[in-house]
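Open your viewer and follow along. Each stop names something to select and says what is there.

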Amino acid sequence: MEPLLLMRGIAKQFPGVRALDGVDLDVRPGEVHCLLGQNGAGKSTLIKVLAGAHQPDEGEIVFAGEPVRLAGPTAAMRAGIATIYQELDLVDGLSVAENIFLGHERARFGFTRRAEAERAARELLGRLGHGEIPPRREVGRLPAAGKQVVSMARALSHDARLIVMDEPSAALAHDEVGNLFRIIRELTGAGVAVVYISHRLEEIREIGDRVTVLKDGRAVAGGLPARTTSTEEIVAMMTGRDVEYAFPERPKSGASGASGEGRAEVLRVEGLTLPGAFEDVSLTVRAGEIVGLAGLVGSGRSEILEAVYGARRPARGRVLVDGRPVRPGDTRAAVRRGMGMAPEERKSQALLMNETVAGNVSVAGLSRYASFGWLSRRRELADVHRQIEALDIRPPDPGRPVVTLSGGNQQKVVLARWLLDPAGLRLLILDEPTRGVDVGARAELYAVIRELAGRGIGVLLVSSEVPEVLGLADRVLVVRDGRVVHTGDARGLDESAVLNMIMEGSAL
Ligand SMILES: Nc1ncnc2c1ncn2[C@@H]1O[C@H](COP(=O)(O)OP(=O)(O)OP(=O)(O)O)[C@@H](O)[C@H]1O
Ligand SMILES: [Mg+2]
């Protein structure tokens with residue numbers, strides 16, 4: 001079959017990094033072509049070349065039989081290539097409809113045609129199974145999954161022949177991923193090609209036709225059949241080694257045993273209520289215990305974490321750390337009492353994108369270093385280096401601006417910040433800690449989280465990946481429609497039981 005897209009010998013050099021080193025890629029009409037590779041392998045860079053956001057130093061691109069030069073984002077869209085970026089590039093202050101038609105040829109509408117744009121937006125959102133999202137709502141007020149849908153609607157609005165999706169499922173829960181796949185099948189059924197990037201290998205098997213694996217800026221395998229290539233083979237190609245992606249063992253007893261017997265309570269939440277988000281939530285986390293919240297996006301799980309951390313002010317209920325109430329709705333008070341949080345949306349909530357790795361990592365520990373004068377910088381750098389090594393942040397350069405790191409490496413920087421100074425840390429709150437993190441680095445993160453618990457820190461985490469909650473947590477709370485519907489030892493549960501509890505009574 002004639003390929004729709006041919007990329008040949010694509011090279012791209014950034015200062016100090018050869019991000020792409022002669023990559024070939026061919027994509028056929030109507031196929032889902034998966035792009036795999038570890039954090040920093042060059043996946044996003046390659047698709048930014050396709051999107052016209054980066055100019056390659058070398059190589060050629062043939063699209064629909066014609067050599068093309070994708071001089072900028074508009075040129076790429078005109079050619080028929082739409083991109084959904086890993087770090088969503090929506091404008092928070094604009095409405096849903098405005099975002100969908102931003103920079104659109106059809107979009108030079110003044111006020112009079114706003115109704116038209118909103119109607120078109122509603123139609124696109126409906127096609128995506130999200131007719132409930134109001135076209136006039138400010139995008140900044142949507143949850144992560146909602147933003148993802150808006151970004152998708154924007155891609156659809158261009159009638160593209162190729163849609164590139166950079167980790168589209170990362171922000172989505174189980175049921176939403178099913179919806180995404182339904183849309184992808186519709187598109188490919190109509191002959192549209194999809195380039196699909198994900199770190200969740202089981203998705204590749206479900207939705208992918210062929211696979212190209214990148215490693216250190218080179219394609220180490222091109223166009224393998226997605227269904228018959230084994231996970232072991234793929235992982236070995238990605239990493240160049242056999243990776244154990246097991247969860248760290250739980251300590252036998254006492255320390256962080258199932259009930260954490262004998263261990264002091266670090267966190268107690270009593271009757272916490274935020275109307276519209278969650279109702280009457282009570283829970284405890286003991287020293288050294290990892291407690292996982294499982295639930296759908298929109299079930300209230302992230303809001304619960306945010307309220308515990310003081311980023312939202314609950315209407316009722318109390319949060320106690322070490323037995324003493326914490327001032328509600330005040331993150332500074334929470335931090336003073338030893339809470340740390342790695343939020344869901346790293347770009348807008350957690351990182352100073354133009355700051356260096358060192359600058360970002362030491363934000364939390366700032367006060368500690370500030371009092372040491374010039375000596376502190378050296379200590380700080382030494383500490384940052386230790387974290388870079390422990391989490392395998394690549395490239396291992398503390399002076400590099402965070403904006404130039406790959407998505408997975410940015411996530412590691414968010415975590416490194418809290419790991420830097422665990423001395424004062426009592427409770428670590430993690431919202432989707434492994435989002436965008438590759439299989440190899442996941443195992444490292446799991447080990448670090450378990451190690452922190454081993455030092456007596458309590459961990460409260462949310463993950464959309466049920467196996468992750470079950471594998472990592474000691475105790476699991478299932479959240480549905482803003483209520484905790486189950487609390488129990490993680491070891492007594494299996495994935496399908498949890499999925500049943502998560503979805504029971506929901507329309508899906
Ligand atoms: N604008 C930039 N300036 C400098 N270096 C960059 C820039 N963008 C990416 N890089 C570097 O290029 C390499 C490839 O990054 P890229 O974002 O393509 O990785 P990726 O495969 O998408 O990883 P991830 O799975 O973590 O998203 C990395 O070493 C990254 O630090
Ligand atoms: Mg990427």
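How do the residues of the shell around ligand 1 divide into nonpolar, polar and charged? There are six nonpolar, twelve polar and three charged. Here Ala, Val, Leu, Ile, Met, Phe, Trp, Tyr, Cys and Pro count as nonpolar, Asp, Glu, Lys and Arg as charged, and the others, Gly among them, as polar.

Before moving on, know that this is a predicted model: local features need pLDDT of at least 70, side-chain atom pairs count only at pLDDT 80 or more, and totals for chains, interfaces and linings use all residues. Residues are numbered from 1 along each chain as its sequence is written, chains are lettered from A and ligands numbered from 1 in the order in which they are written, and side-chain values use heavy atoms, with hydrogens and water left out.

**Stop 1: the shell.** Select ligand 1. It is surrounded by 21 residues, each with a heavy atom within 4 Å of it. The closest are Gly40, Lys43, Thr45, Ser406 and Gly408.

**Stop 2: polar contacts.** These are pairs of N or O atoms within 3.5 Å. Show the side chain of asparagine 39: one of its N or O atoms is 2.8 Å from an oxygen atom of ligand 1. Go to threonine 404, where a backbone N or O atom lies 2.9 Å from a ligand 1 oxygen. At serine 406, a side-chain N or O atom is 2.7 Å from an oxygen of ligand 1. Taken alone, ligand 1 exposes 640 Å², and the protein buries 90% of that (Shrake-Rupley method, 1.4 Å probe).

**Stop 3: the elements.** Color strand E2 (17-27), helix H1 (43-50) and helix H15 (407-420). Each gives two or more residues to the shell around ligand 1. H1 gives the largest share, three residues. Helices (H or I, at least four residues) and strands (E, at least two) are DSSP runs, numbered from the N terminus.

Stop 4: Most residues other than glycine have a negative phi, and most peptide bonds are trans. Select arginine 394 and proline 395: a cis peptide bond joins them, with omega about -5°. Proline 395 lies in the loop between helix H14 (374-391) and H15. Next, pick aspartate 280 in strand E12 (residues 278-286). Its phi is positive, about 50°.

How values were computed: Polar contact = N/O pair within 3.5 Å; in protein donor to acceptor, adjacent residues only side chain to side chain.
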